[in-house]
Amino acid sequence: MAIVAKNLRFSYGNKIALENLSFEIKEGEFVAVLGPNGAGKTTLLKCIIGILKADGEIRVLGKDPRKDKEVLRFISYVPQRSSISIDLPITVAEVIKMSSKNFEEGIVEELGIKDKMNTLFRELSGGLQQRVLIARALAKKPRIILLDEPFNGVDILSQEKIVEMLEKIDATVITVVHNVNPVLHAVDRVMLLNRELIAFGKPNEVFNRENLLKAYKAEIPIVICEEGLAHPLYGDQHG
Amino acid sequence: MVISMDSFIAIFLISLIVSISGNLSVFRKASFLIASVSHSALAGVAFSLFLSSQGISVDYFVVAAAFAIAFSAMATVFSKFHDVDTGVSISFALSMALAVAFLSLTRNLSGKIWSFLFGELYLITDKDLFYLILTAVMVLLLFGIFYEKLLFYLFDPEGSEASGINVKFLDFILILIISLSAVSVIRSVGAILAYAIFVAPAAIGKKFARSVKQSFIFSSLISFSCLYAGLLLSYSIPISASALSALIASALYFALMIKKS
């Protein structure tokens with residue numbers, strides 16, 4: 001198992017962010033985590049890497065990340081772009097080398113950023129910046145990659161490149177998404193959260209009126225695509 | 001109108017020191033920390049003067065460094081309650097209040113504080129030079145050892161923590177570098193004007209550089225030029241060298257930012 005969590009609980013002071021969360025994620029699985037704002041999605045990622053010390057049991061690659069920092073060698077974390085100091089005069093090459101000095105050129109080639117290596121990170125579009133952050137995460141050859149809202153402010157072309165790359169890599173992928181649709185065809189399972197686990201399973205098992213209502217406290221229309229997958233339609237798509 | 005070798009070496013060392021600390025604080029988005037640390041060092045100097053007036057002889061550098069490190073650590077802790085600005089401001093106010101309190105209690109020697117307030121770039125003593133060399137070596141060593149981790153942390157605090165970097169320790173290293181730097185230049189540049197020499201060149205470097213290393217090189221060259229020009233001008237204009245250097249650095253910053261925009 002890549003990740004095993006039992007009765008995971010975390011609070012910010014008196015405010016409960018996660019409670020009684022139990023789940024298992026197999027090695028090599030591609031999982032999307034979604035839920036409304038404040039559902040505990042980012043908190044969950046931070047508990048997985050041990051930045052936040054949750055109560056309950058958590059095992060990542062068999063180790064407890066709260067105590068064993070060695071496990072972080074096998075994990076890559078891509079935070080939200082808003083938490084990054086974008087205005088530093090740092091080149092793309094310098095960013096990628098932060099995680100590994102000897103990264104495979106194929107990564108930057110496949111992500112379409114090979115010709116940007118000497119460009120300043122701050123001069124790239126949001127989509128290209130996100131691709132660079134993904135390249136940095138992959139350069140480490142992680143066994144688990146965690147991504148926090150990787151599609152925010154990212155154009156369609158970059159979204160496709162990123163999803164394509166995530167599908168291809170030999171690692172467990174867990175991505176927090178606000179809108180699951182860009183990644184829905186690639187994921188194995190989706191986790192619907194709202195402080196507690198609402199549902200965790202294949203997209204068509206999770207996306208039904210009852211689960212979405214429980215998670216979002218609002219009616220979310222669902223459409224079935226040509227491939228038979230249920231797609232929730234959020235406000236930003238029809239509003 | 002010849003600049004002494006001691007002053008020249010001092011300017012060179014100050015440029016190195018302020019380039020590293022200035023850039024780190026600007027990258028950390030905590031440039032006001034420089035002002036706060038300089039003033040807490042001033043409180044340390046005031047305390048050492050107070051002790052001297054009581055017949056207890058202590059080295060101003062050691063006391064000022066202890067004050068600077070303690071107050072910047074305090075500012076970091078205060079920042080957790082609100083934000084960096086609030087934390088640093090409260091620490092700044094507290095250190096200034098202490099400086100005034102110690103000076104009020106100090107008789108005869110309080111006049112000495114003026115040289116620490118505004119600096120005396122042309123009156124560098126062997127002891128000041130020794131402290132500058134010592135600080136430059138320590139700052140360069142710390143910076144060299146932790147450069148890659150510091151860069152990762154300053155660019156992406158969450159990502160660096162997630163990769164196993166001890167960010168609390170790195171924050172301490174940052175504080176240590178900034179505190180030592182501020183204390184080392186307090187005699188030559190002065191607590192009040194240090195802010196301009198640390199921050200303006202670093203802000204220019206950050207804006208115009210095409211890499212992080214370039215930003216450090218640009219800002220050290222700018223600091224050196226401003227300090228050198230300030231010192232040269234002070235021989236013909238009856239204004240202190242550090243004030244002239246700070247004026248040049250600030251004017252250069254505004255001129256370049258306006259041009260860039």
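Predicted model: local features only at pLDDT ≥ 70, side-chain atom pairs only at ≥ 80, totals over all residues.

Analyst: Happy to! The predictor gives the complex an ipTM of 0.90 and a pTM of 0.89.

As background, most residues other than glycine have a negative phi.

The part I would like to explore with you is the sheet to which E6(A) belongs. It is an open sheet of 6 strands in chain A, ordered E5-E6-E7-E3-E8-E9, and the pairing is mixed. Strand E5 (75–78) and strand E9 (196–201) of chain A stand at the edges with a single partner strand each, so one side of each has no neighbour in the sheet. From one strand to the next, the twist averages 15 degrees.

Strand E3 (residues 30–34) of chain A runs parallel to strand E7 (residues 172–176) of chain A, and 4 bridges join the two. Within this pair, Val31(A) is opposite Ile174(A) of E7(A). E3(A) is also joined to E8(A) by 4 bridges, and these two strands run parallel. Here Ala32(A) faces Val190(A) in E8(A).

The next step brings in the antiparallel sense. E8(A) and E9(A) pair that way over 5 bridges, with Leu192(A) standing opposite Ala199(A) in E9(A). The two strands form a hairpin with 1 residue between them, and Arg195(A) in this hairpin takes a positive phi near 70 degrees.

In the loop between H7 and strand E10 (222–224) of chain A comes Lys217(A). Like the residues above, Lys217(A) has a positive phi, of about 55 degrees, although it is not a glycine. Lys217(A) counts as exposed because it has 9 C-beta neighbours inside 10 Å.

Buried or exposed, with 26 other C-beta atoms within 10 Å of Val78(A)? Val78(A) is buried, because the cut-off for that class is 20 or more. Leaving aside neighbours within four places in sequence, the contacts of Val78(A) are Leu133(A), Ile134(A), Ala137(A), Leu147(A), Asp148(A) and Pro150(A). The C-alpha atoms of Val78(A) and Lys217(A) are separated by 29 Å, and the two residues are 139 residues apart along the chain.

Chain A holds another sheet that is worth a glance. In this one, 3 strands form an open sheet in the order E2-E1-E4, with antiparallel pairing. Its edge strands, strand E2 (15–25) and strand E4 (55–60) of chain A, each pair on one side only. Neighbouring strands here are turned by 25 degrees against each other on average, direction ignored. Strand E1 (residues 3–12) of chain A is joined to E2(A) by 7 bridges, and Ser11(A) stands opposite Ile16(A) in E2(A).

Finally, a word on the surroundings of chain A. Its partner is chain B: 18 residues of chain A are in contact with 19 residues of chain B. On the chain A side, the touching residues comprise 11 nonpolar, 4 polar and 3 charged. Chain B has a mean pLDDT of 89, and 98% of its residues reach 70 or more. Among its helices is H1(B), which is mostly covered, with 18 of its 23 residues buried.

Notes. Residues numbered from 1 in each chain as written. Chains lettered and ligands numbered in written order. Contact = placed C-beta atoms within 7 Å. Nonpolar A, V, L, I, M, F, W, Y, C, P; charged D, E, K, R; others polar. Pairing = 2+ DSSP bridges. Axes fitted to C-alpha atoms, helices over the stretch in contact; angles between N-to-C directions. pLDDT = per-residue confidence, 0-100. Buried ≥ 20, exposed ≤ 12 C-beta atoms within 10 Å, placed from the backbone.
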